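Subject: Structure for your review

Dear colleague,

Please find the structure below, together with its sequence. My findings follow it.

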Amino acid sequence: MAYFTYFAPTAPTASEQAGPRPVSVELARAELRVLKQTIEAVGTTRARQSVEIVPETEGRIVEINIKPGAQVAKGDVLARLDDTIERANFTEAEARLTQQRQSLDRINVLRKTNAVARASQEEATALLAEATAQLDRARRRLEERTIRAPFNGIVGLTDVDLGARVAEGDLLTRLDDLSEIEVEFSLPETLFAQIRPGQAISATSSAFKDREFAGRIEALDSRIDPVGRSFKTRAIIPNPDHILPAGMFMSITLTLSESNELVVPEEAIIFQAADTYVFVIKDGKALRQPVQTGQRLGGIVAVVSGLEQGDLIVVRGLQRVRDGSPVNVLGDDPTPAMTTDGGS
């Protein structure tokens with residue numbers, strides 16, 4: 001009887017009979033999302049084409065059509081210099097050419113009857129060629145007095161007024177083709193094999209805080225800078241409304257890869273020695289599930305193997321969770337696995 005009095009096991013309490021107490025946890029659902037691997041760079045815009053408008057000869061300006069910010073078409077007259085003398089020279093050269101052509105025609109007729117010597121025909125032919133060259137020179141000098149737009153573009157500022165006398169090479173204005181904008185930037189050499197023409201980029205500027213400009217990679221340099229260990233890359237951004245000027249500083253985001261991945265929040269992943277695992281909720285219990293992880297972006301982790309889409313996993317309360325622990329789920333809906341498509 002003494003044995004039963006002093007050594008009999010104590011009867012289990014009601015809580016012990018009910019098993020371990022549930023652990024309060026918060027859950028997330030493993031979901032498929034598009035992950036983008038990106039890299040950021042900075043660059044400065046420049047016009048697709050840009051030239052300085054300068055006269056090819058000296059003279060006085062008698063017409064000027066330079067309106068800063070105006071759109072002009074190829075061939076439009078931007079300025080005209082006094083061409084009185086050049087126009088007279090052109091008329092004289094035309095008359096001389098006509099005279100020499102008529103003279104050669106008469107000699108050719110007479111030559112058929114041997115009325116003139118062959119040397120006279122050859123001399124008339126040479127004089128006609130000389131007159132033709134003189135007319136071409138006169139035409140060219142007359143054309144130089146009119147300054148035209150070499151391509152479609154936007155006219156810049158000018159400091160030249162009507163009646164001013166300009167010398168050859170004086171800057172009248174600048175002409176920029178802003179239908180597309182080039183942005184040149186540098187990337188580290190480790191990315192050289194991942195960059196190719198046609199890849200999408202997005203660009204932002206502090207001048208347009210609420211706007212993002214889409215573009216594409218046009219070309220990359222064939223050389224790597226031996227000092228900075230980087231290479232130059234050029235992107236094109238369509239600019240149909242001409243809102244982007246040349247010379248603007250821009251931040252560039254380049255998408256290196258884009259794929260559908262099964263993702264979970266980073267805080268759900270547990271690393272222990274060589275093991276990587278999460279706790280999956282099944283039948284009200286937390287079960288340890290080994291996983292293999294991949295890309296990490298913006299607080300989320302891609303799971304390569306070990307989970308299926310829709311699996312519920314523990315993200316908070318992990319300190320007290322053990323394999324097989326019953327759980328008490330806090331909140332109505334599981335926390336989404338991620339809220340963005342990733343980042344750089």
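Is Pro150 buried, partly exposed or exposed? The model is a predicted one, and in it Pro150 has a relative accessible area of 38%. Because buried means under 20% and exposed over 50%, Pro150 counts as partly exposed.

Pro150 sits in the loop that links strand 6 (146-148) and strand 7 (153-155). Leaving aside residues up to four places away in sequence, Pro150 touches Val51, Ile53, Lys74 and Leu175. Asp76 lies 74 residues from Pro150 in sequence, yet the two C-alpha atoms are 8.3 Å apart in space.

The other findings concern a pair of helices. Helix 3 (residues 84-112) packs with helix 4 (residues 118-143) at an angle of about 160°, and their axes are 8 Å apart. Since an angle over 145 degrees counts as roughly antiparallel, helix 3 is roughly antiparallel to helix 4. The crossing of helix 3 with helix 4 is left-handed. Twelve nonpolar, eight polar and nine charged residues make up the contact of helix 3 with helix 4.

Within helix 3, the residues Glu86, Phe90, Ala93, Leu97, Gln100, Leu104 and Ile107 are buried, and the buried residues of this helix pack against helix 4. An α-helix has 3.6 residues a turn, so residues three or four places apart point the same way.

The length of helix 3 was also checked. Its 29 residues, at 1.5 Å a residue, should span 42 Å, and its end C-alpha atoms are 43 Å apart, which agrees. After helix 3 comes Asn114, with a positive phi near 60°.

Yours sincerely,

Conventions
Residues numbered from 1 in each chain as written. Predicted model: local features only at pLDDT ≥ 70, side-chain atom pairs only at ≥ 80, totals over all residues. Heavy atoms only, no water. Axes fitted to C-alpha atoms, helices over the stretch in contact; angles between N-to-C directions. Helix = DSSP H or I, 4+ residues; strand = E, 2+ residues; numbered from the N terminus. Parallel < 35°, antiparallel > 145°, perpendicular 65-115°, else oblique. Left-handed = near helix turned anticlockwise from the far one by under 90°. Nonpolar A, V, L, I, M, F, W, Y, C, P; charged D, E, K, R; others polar. Expected span 1.5 Å × (residues − 1). Buried < 20%, exposed > 50% of the residue type's maximum accessible area, 1.4 Å probe, protein only. Contact = heavy atoms within 4.5 Å.
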